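Please read it with the model open beside the text.

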Amino acid sequence: MENQNTQRTMLGEVEVVRVLEWQGSFAPARELVPESRAEVWKDNEDWLAPDHWHPDSDTAVMALQTWVLRSGGRTILIDTGVGNGRERPGMPHFHHWQGDFLGHLARAGVPPEDVDIVVNTHIHADHVGWNTMDVDGRWVPTFPNAQYLIPAADDLHFGTPRAGAPGDGGPTDDDLVYADSIAPVHRSGQAVLWDGEHRIDDHLTLESAPGHTPGSSVLRLASGDDRAVFVGDLLHSPVQILAPACNSCFCLDPEQAAASRHRVLRRAATERELIIPAHFAGTGAVQVHRNGGALAPGPWLPLGVTP
């Protein structure tokens, strides 16, 4: 594992660049992870604060970030953040969001036309937003030369229209996400649906880890002596490493989500896979080890942020 500078990390032959869209206080800690005990946060304050928890306000700290991988001569994005100018009336954090994501990508040396593959670990608003951009009032793919790898189970679930709020009859936020961030990729012929497992190249493999959504997935990296797993929303807070049975408030199938989390974390501890989540603030990546019959995080690996 080679850390070249503040922007670039090499895991075997794969270059990893972290592109941060936003980082800060998000929600009360036990609203984000409802089943977590107050003691778990307090007892681990020495390392949870300030990167993952603000004790004074009992608020969880989170990040929105995209991971750029360069592997086998191709440029791969893992998740695409919130996107600008979206109608998200039920999501105050993301409604009419405006940010400089494409500027951050440019500073990482990634113009949109150079992206070969976009991985959506699942279809949620903060993971698919920059799949598309508004051009003259139409949503079109942001990355014109890329394949978009989308879990088939999520495409089926979120692509099925649902009724709006009672008495409303309008589209739900999920309908809006699918319409502006997924459907245009289908229309352009760039969507590739997969199920179970999908091998990208000799170093990278997608595998299903359902529960958070029906098609939630993780991406495993194995190159040289290095191992890592990009876990998407399997984890929202490192508290869930200490308490893998505790789901976030966003998990659609809590029992299945907890089972996927247990499986992936246990394997990461056994195989010494670096955990790289979508939403951890601070350094952004952590190893997991067994602590008796439980799991514990550490050490942490600093992964630089593109300015």
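A cavity, as the word is used here, is a set of points on a 1 Å grid over the protein atoms alone where a 1.4 Å probe fits but cannot get out, and a residue counts as lining if it has an atom within 4 Å of a point. The model is predicted, and a search of the whole structure finds 2 cavities of 30 Å³ or more.

**Cavities**

- The second largest cavity holds about 30 Å³ of space, and its lining is made up of Leu32, His52, Ala60, Val61, Met62, His236, Ser237, Pro238, His279, Phe280 and Ala281.
- Strand 5 is the element that gives the most to the lining of the second largest cavity, with 3 residues, and by class this lining comprises 7 nonpolar and 4 polar residues, with no charged ones.
- The largest cavity has a volume of about 50 Å³ and is lined by Thr121, His122, Ala209, His212, Ser216, Ser217, Val218, Val231, Gly232, Asp233 and Leu234.
- Two or more residues of the lining of the largest cavity come from each of strand 14 (217–223) and strand 15 (226–232), while the lining divides by class into 4 nonpolar, 6 polar and 1 charged residues.

**Largest pocket**

- About 430 Å³ of space lies in the largest pocket, which has a lining of 23 residues, with Met91, Phe94, His124, Asp126 and Phe250 lying nearest its centre.
- The elements that give two or more residues to the lining of the largest pocket are strand 3 (14–28), strand 5 (59–71), helix 5 (125–128), helix 6 (152–158) and helix 7 (173–187).
- Strand 5 gives the most to the lining of the largest pocket, with 3 residues, and the classes represented in this lining are 12 nonpolar, 7 polar and 4 charged.

**Aromatic pairs**

- The whole structure contains 7 aromatic pairs, and in one of them the rings of Trp41 and Trp53 have centres 5.8 Å apart and planes at 50°, so the pair is classed as tilted.
- Because Trp41 belongs to helix 2 (residues 38–43) and Trp53 to strand 4 (residues 53–54), this pair ties together parts that are 12 residues apart in sequence.
- Trp41 is buried, with a relative accessible area of 0%, and Trp53 is likewise buried, with a value of 5%.
- The rings of Phe94 and Trp97 have their centres 6.1 Å apart and their planes at 65°, so this pair is edge-to-face, and both residues are buried.
- Ring pairs also link Trp47, Phe280 and Trp300 into a cluster, and Phe280 is one of the residues that line the second largest cavity.

**Hairpin of strands 8 and 9**

- Strand 8 (residues 132–135) pairs with strand 9 (residues 138–141) in the antiparallel sense over 4 bridges, and Val135 has Arg138 in strand 9 as its bridge partner.
- The two strands form a hairpin with 2 residues between them, and in the turn Asp136 has a positive phi of about 55°.

**Helix 9**

- Helix 9 (residues 254–271) has 18 residues, which at 1.5 Å a residue should span 26 Å, and the computed separation of its end C-alpha atoms, 26 Å, agrees with that expectation.
- The buried residues of helix 9 include Ala257, Ala258, Ser260, Arg261, Val264, Leu265, Arg267, Ala268 and Ala269, and just after the helix Arg272 takes a positive phi of about 60°.

Conventions: Residues numbered from 1 in each chain as written. Predicted model: local features only at pLDDT ≥ 70, side-chain atom pairs only at ≥ 80, totals over all residues. Heavy atoms only, no water. Pairing = 2+ DSSP bridges. Expected span 1.5 Å × (residues − 1). Buried < 20%, exposed > 50% of the residue type's maximum accessible area, 1.4 Å probe, protein only. 1 Å grid on protein atoms, 1.4 Å probe; cavity = no way out; pocket = protein on both sides within 12 Å on 5 of 7 lines; lining within 4 Å. Points joined across faces, edges and corners; volume = space filled by probe spheres on them. Nonpolar A, V, L, I, M, F, W, Y, C, P; charged D, E, K, R; others polar. Phe/Tyr/Trp six-rings, centres within 6.5 Å; stacked < 30°, edge-to-face > 60°.
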